[in-house]
Amino acid sequence: MVRVTTHATPGATDADADAAQGRVYNVAGQDWDEVVAAGEEDRSENELIVVNMGPQHPSTHGVLRLILTLDGETVTDVRASIGYLHTGIEKNLEYRTWTQGTTFVTRADYLTPIFNEAAYCMAVERLLGIEDKLPERALIMRVLLLELNRVASHLGGIGPFGLELGATTIFLQAVRMRENVLDLFELITGLRMNHAFIRPGGVAQDMPAGGLEAVRDFLRKAPRLVHDLRTLIDANPVFKARTQGIAFLDLEGCMALGVTGPILRATGLPWDLRKSQPYLGYETYEFDVPTQETCDAYGRYLVRIEEIDQSLRIVQQCVDRLAERTMPNDPWLIQDAKIGWPARLSLGPDGLGPSPEHIAHIMGQSMEALIHHFKLVTEGFRVPAGQVYQAVESPKGELGCHVVSDGGTRPYRAHLRDPSFHHLQALAAMCEGGLLADVIPAIASIDPVIGGVDR
Amino acid sequence: MGIEEKLPSGVLLTSVEKVAGWARARSVWPATFGLACCAIELMMTGGPRHDLARFGMEKTGSTPREADLMIVAGRVSQKMAPVLRQIYDQMPEPKWVISMGVCASSGGMFNNYAIVQGVDHVVPVDIYLPGCPPRPEMLMDSIFKLHDKIMNMKLGADRQDEITELEEARLKLQPLHVTSAINEAGSEL
Amino acid sequence: MSQAPGEPGTPAGEPPAVEEDGLPAQRDEQPAAAQVVRRGMFGVQDTPDTSGYGLLQIHKRPPVSSEPPYGGYFDTIAQELGGALEADGLGFSDAIERVVVDRGEITFHVRRERLVAVCEKLLKEPALRFEIFGGVSGVHYPEDTGRELRAVYHLVSITHNRRLRLEVSAPDGDAHIPSVVSVYPSANWHERETWDFFGIIFDGHPALTRIEMPDDWRGHPQRKDYPLGGIPVEYRGTKVPPPEERRWYA
């Protein structure tokens, strides 16, 4: 084998020619060892390959673009490029009333719609100054839906986690259980996703007939379903080999990068806003905050699956409390006529609309009720000026909603501080130095939802 | 495409159309183009309860090079539109597009600067599926309608005639017949 | 639609008889820093409305400045921060323009030159220890001349279980705010997003580029002077205007 470089210009050196055309080797046959040896010694610097894991990819949890610089199989540099799902939700909110804002905010992080709604509505209620006047039933129903959403979101994270590792059975098992939760959502809120059910002042509707019984049914089945899932995943040697020691981010790293949620809890710190800064009556519920010490992708998976158990515990307590409340007029929306949505909906022959009793009341009995109905539906309520930041513990981390009001019927500015957006910045810290195949479990362990990242 | 495209009109072409249509409809491989909330419903449609695998759609064309059907599930932002077109161009013929959800069909509730108001601005759509998000059963219904369309799709010379017929029928559509008010806005129906 | 500094017809030094919320005005309120406030009922501004509703102001102004004691742990924060800044030779009022305690939250309005120093103290002082960066968000107040663009920072302290907000303002023509990436590395993407949407330039940011909008986009979408960009909705011969052009009631 002869190493040849052709010189394009007189006086040029080997190095110039190599740079221009690349190294050229003449291979005559039976000399593979020499070629390999020459290649090794000629490699003066590492050849880095830049790979684009583009926005359309089955394993990137949505439209996330990753630009990876690889040295062989090792990732030397990972940059995430986002914005492929930017929807302008925050700007849209400025052109809608406060109540209509719920329908937009709910579609930000679409795996945890109830959390988006809760953060936004709680922020609005603090601006209105009614956070102490919410009816008890509304608080319990909110907690019920929030915890069911936590279960659904964790399952929606664990399922694709398995799918991205290539284990479709995990996906099918998780989806099997998630379907049951979506059935409950459909029964209670009317929709499987993007419910727009939590409104400023309470919730949109009361529990339907048979709702509590359906939730109880689910709670009976759920432990068995979670057990099946855990039997499949926890001790699975392939899963463990792919997630143990992967995507390591210890407490120092989490603090430096401002990471909260299951990633922080997998480092051993039991920081959960439901315990440290409780809202919606969480201080009255009994539940634990699961933590792990391993700081890796496997630890985060264990934290999530244990959180499902804790959420089911809270759901049980909510159901018991709702069942105890047998008073005849138990409001689920604030009774203040200037804020609470007026119409009590009912299903009539022509579809869903204000109930006949409500129409009789506003048309025949009370002029104020008619005025309130008219004003609330056309322009909505007015919120005193000011700004508020409300944070909730979403399944992904701390979800905050910063709302600014100028005294009008529309939000002046609403901003969602999404945990996925914040945590994706930690991806570089988790992946650099690891193998290419470890990037996938790393992303899946952060569990980003690109709708929340891009809003 | 293949030799079936070059056959002259006649009994032979009709029989080939039937067989090809039947074969194509039974095993449509979707390109995973899940973007937003509709993607979650798409995933659930592949789950155990509503099982897309029964219709030959379990194998997802993760690479567009082996996909037949692009289900645009979710809102397409301005940044994503060129990517969408590129994926569509990378799919080999025959290919079909279902725009799933209102955001893909028309921009949905997001009538603003950031969202393409309907993916038919970017790719030709075969089936529009409304819903926010559409239930899995609705998605399956749209897939059945697409299967009907595929099974009855003609090939070669017959296809050209079919296209001309469809265009003329669409131009005569009532009661959405073009009025002067809409003409001023420059929209076409 | 922002509130004019004084009520018309009020002699200086004398509180007006009744404010719109029923309380007399405070003596030392700084009118220049009034937040945006709506006036008028039913949103009538331009139409020849003779009902008189257009002149009504029906909502309280938010507090523009609060006096200590602030209540709860807010005083501890203020004192520790003041002490830490003084130890470095910067006065408290040199760095902090004003403090607002409203609806259970404390907001420090920080002068932009001192932002990095304040953040450093908030992170590193053992009594403060605000480790978790809660994000930067921009707000655009086009009527507040000289302070149009605001960057709002939220910080969380896990050690002490506290929250606070920092607000930095910059005028429209000179929209520069120092970057806090050197103190809080996770501010990186948040600052890029705020640049993308509001045009606030963060000096010292390692790579201030567009993050949500396409790289060659022109304009900063979430500013108030940027249109929503919707198209009319056509259905069966009727056209509904886009959301920004529809009739709205303030």
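A helix or a strand, in this talk, is a DSSP run: at least four residues of H or I for a helix, at least two of E for a strand, numbered from the N terminus. With that in hand, chain B can be read from the N terminus on as α-α-β-α-β-α-β-α-β-α-α-α. That makes eight helices and four strands. Please keep in mind that the model is predicted.

I'll stay with chain B for a moment. It has 189 residues, and 43% of them are buried. If we take the contacts in chain B between residues at least 6 apart in sequence, 77% join residues at least 24 apart.

Now one pair of helices in chain B. Helix α2, residues 11-26, packs against helix α6, residues 136-151, at an angle of about 155°, and the two axes are 8 Å apart. Do these two run roughly parallel or roughly antiparallel? Angles over 145 degrees count as roughly antiparallel, and α2(B) and α6(B) are therefore roughly antiparallel to each other. From α2(B), the residues in the contact are B:Gly21, B:Trp22, B:Arg24 and B:Ala25, and from α6(B) they are B:His147, B:Ile150 and B:Met151. Sorted by class, that contact has four nonpolar, two polar and one charged residues. The crossing of α2(B) and α6(B) is right-handed.

Next, chain A. It has 19 helices and 12 strands. Its C-alpha trace spans about 100 × 50 × 45 Å along the principal axes. Of its 455 residues, 53% are buried. For contacts in chain A between residues at least 6 apart in sequence, the share that joins residues at least 24 apart is 68%.

Chain A also has a helix pair to look at. α6(A) and helix α13 of chain A, residues 297-324, pack at an angle of about 155°, with axes 9 Å apart. By the cut-off I gave before, over 145 degrees, α6(A) and α13(A) are therefore roughly antiparallel to each other. Which hand does this crossing have? The crossing of α6(A) and α13(A) is left-handed. On the α6(A) side, the residues that meet α13(A) include A:Ile140, A:Leu144, A:Leu148, A:Val151 and A:Phe161. On the α13(A) side, they include A:Tyr301, A:Ile305, A:Ile308, A:Leu312 and A:Leu322. By class, the contact of α6(A) with α13(A) has 15 nonpolar, three polar and five charged residues.

In soluble globular proteins, nonpolar side chains tend to be buried together. In this model the largest nonpolar core has 224 residues, and the members that touch the most others are A:Leu427, A:Ala442, B:Met70, B:Val72, B:Ala73 and B:Met100. Which helix gives the largest share of this core? Helix α6 of chain A, residues 136-165, does, with 16 residues. To see one member up close, go to A:Leu427. Leaving out residues up to four places away in sequence, A:Leu427 touches A:Val78, A:Ala80, A:Ala442, A:Ile443 and A:Ile446.

You will find A:Pro58 in the loop between β3 (49-53) and β4 (65-71) of chain A. Is A:Pro58 buried or partly exposed? A residue needs 20 or more other C-beta atoms within 10 Å to be buried, and 12 or fewer makes it exposed. A:Pro58 has 15 within 10 Å, so A:Pro58 is partly exposed. Not counting residues up to four places away in sequence, A:Pro58 touches B:Thr32 and B:Ser62. A:Pro58 and A:Pro160 are 102 residues apart in sequence, but 9.7 Å apart in space, C-alpha to C-alpha.

Last, chain C. It has four helices and nine strands. Along the sequence the pattern is α-α-β-β-α-β-β-β-β-α-β-β-β. Chain C has 250 residues, of which 35% count as buried. Among its contacts with a separation of 6 or more, 53% come from residues 24 or more positions apart.

Where chain C touches chain A, 38 residues of chain C are in contact with 40 residues of chain A. On the chain C side, the elements that give two or more residues are β3 (132-140), β4 (149-157) and α4 (187-198). β3(C) gives the most, with six residues. By class, this side of chain C has 18 nonpolar, 10 polar and 10 charged residues.

That is the end of my part.

Methods: Residues are numbered from 1 along each chain as its sequence is written. Chains are lettered from A and ligands numbered from 1 in the order in which they are written. This is a predicted model: local features need pLDDT of at least 70, side-chain atom pairs count only at pLDDT 80 or more; totals for chains, interfaces and linings use all residues. Axes are lines fitted to C-alpha atoms, for helices over the stretch in contact, and angles run from 0 to 180 degrees between N-to-C directions. Angles under 35 degrees count as roughly parallel, over 145 as roughly antiparallel, 65 to 115 as roughly perpendicular and the rest as oblique. A crossing is left-handed if the near helix is turned anticlockwise from the far one by less than a right angle, and right-handed if clockwise. Two residues are in contact if their C-beta atoms, placed from the backbone, lie within 7 Å. Ala, Val, Leu, Ile, Met, Phe, Trp, Tyr, Cys and Pro count as nonpolar, Asp, Glu, Lys and Arg as charged, and the others, Gly among them, as polar. A nonpolar core is a set of buried Ala, Val, Leu, Ile, Met, Phe, Trp, Tyr and Cys residues joined through C-beta atoms within 7 Å.
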